[in-house]
Structure formats: structure tokens, C-alpha cells
Amino acid sequence: MKRQRTVYEAAIESGVSRRDFLKMCTALAATLGLEYSQSKQVVHAMENGSRVPVVWLQFQDCTGCSESFIRSSQPKVESVLLDMISLEYTEVLSAASGQQVEDNMKQVLKDYKGKYILAVEGSIPEDDYLAVGGKSAKETLREMAEDAMAVVAYGSCSSWGGIPGANPNPTGAKPVTGFINDTPVILVPGCPPIAEVMTGVIAHIITFGKLPELDVFGRPKAFYRHRIHDKCNRRAYFDAGLFVESFDDEGAKQGYCLYKVGCKGPTTYNSCAEMRWNGGVSYPIQSGNPCIGCSEKDFWDNGPFYTRRAKIPGTQTTINPDAVGLGVVGLATAGVAVHAAGTVVKKKLDDKRGENE
Ligand code: SF4
């Protein structure tokens, strides 16, 4: 088996200073949710751990996930690509093309059996709809997944079927879990996902030598354990019963809660509100747009966007924002009822997850 350079060796060879290397490790520790004092563990792992070979396949996708990934800021993508991973095959970022890259993919199977990560972007259609290098999407996926250390379904299309799998699903699109039985699959849903989640998964593997802890659906718990609603910067307005009623009203100018204009934050599990986007600058809700729940299963079919859900999918529960408002004007009973309703929502979701577990 071919020896991979360590992350540190690769960084130094590519001209990264020791200082910048340490900064990258500290950023990774923060992404992993570790204490500052634990960043030493990350430094040790990056100094001694080999780079992870990655094969990145694209099927029925819009390339938005790759676009998001190359905008990773913690650490920056050039560090990820050059230092942490050895990107052995990618259609978007590869300088080579055609037979040369297809041969390289076959070489990975020989050189890194059981040691590489297979990242998959896009859903998998029926045979007639997609072939790359003379093979159907299913064939390529099964072949490359068999000897992978793990498969990372990167984005909502490969995690759940996504937009290509939305009703009426003309190509018979399925998620990767429909084809893989023996290799661990990590779901990183989102349309697109937050780039730092992918780097966090890879950093976790290098640092701890094992896959991150997953929830019942196969998502890394570190990044999908909270609802957007739990960490939302507008949550105080929700609790106070102050809502945007239309996009250009006074409430919108004041930054009130977006629930009444269709925010799906109460039913969406993701890290947008904690990690934010573009280097932590903002995220959709902070910028005035309701969460569309893009990391949840069937998010497209669960639309239309910008309309309040009559019912939380999978439960008999509704959140009545008008009742929340009553709490504000001193009707304590209504306030208690609303908080109870909120608790019921959370409990039902937790119960549902528990049942699936
Ligand atoms: S409903 Fe949406 S905007 Fe309002 S607090 Fe929850 S997540 Fe934030």
C-alpha cells in the first residue's frame, strides 16, 4: 500500500509556515467542537497522521455542493485540498480529464484499499439516465464504495434523493443508502451543506482514527444535533410573539421572527445558526430569509417555501404563533400553553427519533 505523507509534511512542502499550520489546527479543533486545550491533540494528529485519500464522485447534482466545499473557510480549502486530504479523483477540480482520471480512480482501488473516503454528490438515477466513463452511476458507486473506509453522502441529493428525487422523480433517483450495505455511510445533508462539516468529518477521522459519532439517520451528531430554531438569533422574538407578517413590513425591518412567513427552522436539524456561512459572516435567517429546511428529507416536496406549515411533518402538532403573541400581552395561561406546545413539538420529534433508533 502506498504511504501517504502526513498532513504536516504536506503542509510544509507546500510552503505553509509552522505558524499557519498551528492556526489551521486550532481552527479545526474549533470546528470539531473541542476545547482550546484539546487543540494539542489535533496538532499531534496532523503531525503524525497521514493525509486521507478522497475520491469525489458526482452523479445527479448541480455542483453546488462542490462550490460550497471550495469556499470552506475553517480551514481554507487550499489547506484542506493540499494538506488534509489527497484528492485522487474529482470531475470539477481535476486538471486532467478522460482516460487519465478514470485510470487514476482504478489505481486508488489498488493503492488505498480500505483507506480512502468516497464522497458522493448527487442522487443515483436508474441506469438509462447517467453513465460516466462507460459505466452507470450505480455500477461506479457500488464498485468504489466496496473498498472505501466510509462513504460521505455530501448534500441532500446523495443523502435523501434531493431535488432530482422530488415528486414525480422522473429518473428514479435514490440516495446512496439505497445501494450500499457493507460500508459505513455518513450523511452530510444540506442544499448545499456547510463546507466546514466535511472538513470536520475528515479532521475527526485523522485526529481520532475513527468515524465521528452519528445520529439515528447517519448524520454526524456534532453538526446535526440542534434545530436551527434552538440556536436562532431571532429566537427571542419567537418567544416574545413578535413576527414578520410580510417581507417588507415593520417587523421585517426590526428583525422579528420569520415563522409566519414560512421559516422551517423549528423542524430543521443543521448547524447554520451556530457555524454560519462564509467564514461565520451570516446565514439565511440572519439575512432576512426564512429557513427552507434544505437539510431535511424531502424538503422540496415539503414546500411550498415561504408558507407556514399547518402541521409539523410526522406529528399531529402545530405551532400557533398567534398564541405565542398572547403570552406577550400578559395572558400567562396562553403563554404556558405555547411553551407546552413547543415542548410537545420537541418531545414528539425526539420520540420519533427514539422510535427509529
Ligand atoms: S421560527 Fe425561524 S426565524 Fe423564528 S426563531 Fe425559529 S428558526 Fe428563528
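Visitor: Where is Met 149 found?

Guide: In this predicted model, Met 149 is found in the loop between α7, residues 137-146, and β6, residues 150-154.

Visitor: And is Met 149 buried, exposed or partly exposed?

Guide: Met 149 counts as partly exposed, because its relative accessibility is 25%.

Visitor: Which residues does Met 149 touch, leaving out those up to four places away in sequence?

Guide: Met 149 is in contact with Gly 114, Lys 115, Tyr 116, Thr 183, Pro 184, Ile 205 and Leu 211. One of these, Lys 115, is 34 residues away along the chain, and its C-alpha atom is 5.2 Å from that of Met 149.

Visitor: What share of contacts in the chain, between residues at least 6 apart in sequence, join residues at least 24 apart?

Guide: For the chain, that share is 74%.

Visitor: Let's zoom out, then. How many helices and strands does the chain have?

Guide: There are 16 helices and 7 strands in the chain. The chain has 357 residues, and 50% of them count as buried.

Visitor: On to the cysteines. How many disulfides does the count come to?

Guide: The count is 0 disulfides.

Visitor: What about Cys 157, and how far away is the nearest cysteine sulfur?

Guide: Cys 157 is in no disulfide either, and the nearest cysteine sulfur, again that of Cys 191, is 5.8 Å away.

Visitor: Are Cys 62 and Cys 157 buried or exposed?

Guide: Cys 62 counts as exposed, because its relative accessibility is 68%. Cys 157 counts as buried, because its relative accessibility is 15%.

Visitor: Cys 191 keeps turning up. What kind of peptide bond joins Cys 191 and Pro 192?

Guide: A cis peptide bond, with omega about 0°. Pro 192 lies in the loop between β7 and α9, the helix at 195-208.

Visitor: And what kind joins Asn 167 and Pro 168?

Guide: Asn 167 and Pro 168 are also joined by a cis peptide bond, with omega of about 10°. Pro 168 sits in the loop between α8 (156-160) and β7 (185-188).

Visitor: Still on the backbone, what is phi of Arg 276?

Guide: Phi of Arg 276 is near 60°, a positive value in a residue other than glycine. Arg 276 is in the loop between α14 (272-275) and α15 (321-328), and counts as partly exposed, with a relative accessible area of 22%.

Visitor: What about phi of Asp 298, and where is Asp 298 placed?

Guide: Asp 298 is not a glycine, yet its phi is positive, at about 55°. Asp 298 belongs to the loop between α14 and α15. At 40% relative accessibility, Asp 298 counts as partly exposed.

Visitor: Nice! Which residues are around the ligand?

Guide: The residues around the ligand are His 229, Cys 232, Arg 234, Arg 235, Phe 238, Cys 257, Leu 258, Tyr 259, Cys 263, Gly 265, Pro 266 and Ile 285.

Visitor: How many residues of each class does that shell have?

Guide: The shell around the ligand has 8 nonpolar, 2 polar and 2 charged residues. The charged class includes Arg, and the shell contains Arg 234 and Arg 235.

How values were computed: Residues are numbered from 1 along each chain as its sequence is written. This is a predicted model: local features need pLDDT of at least 70, side-chain atom pairs count only at pLDDT 80 or more; totals for chains, interfaces and linings use all residues. Side-chain values use heavy atoms; hydrogens and water are left out. A disulfide is a pair of cysteine sulfur atoms within 2.5 Å. Buried means under 20% relative accessible area, exposed over 50%, partly exposed in between (1.4 Å probe, protein chains only). A residue is near a molecule or strand if one of its heavy atoms lies within 4 Å of it. Helices (H or I, at least four residues) and strands (E, at least two) are DSSP runs, numbered from the N terminus. Contact means heavy atoms within 4.5 Å.
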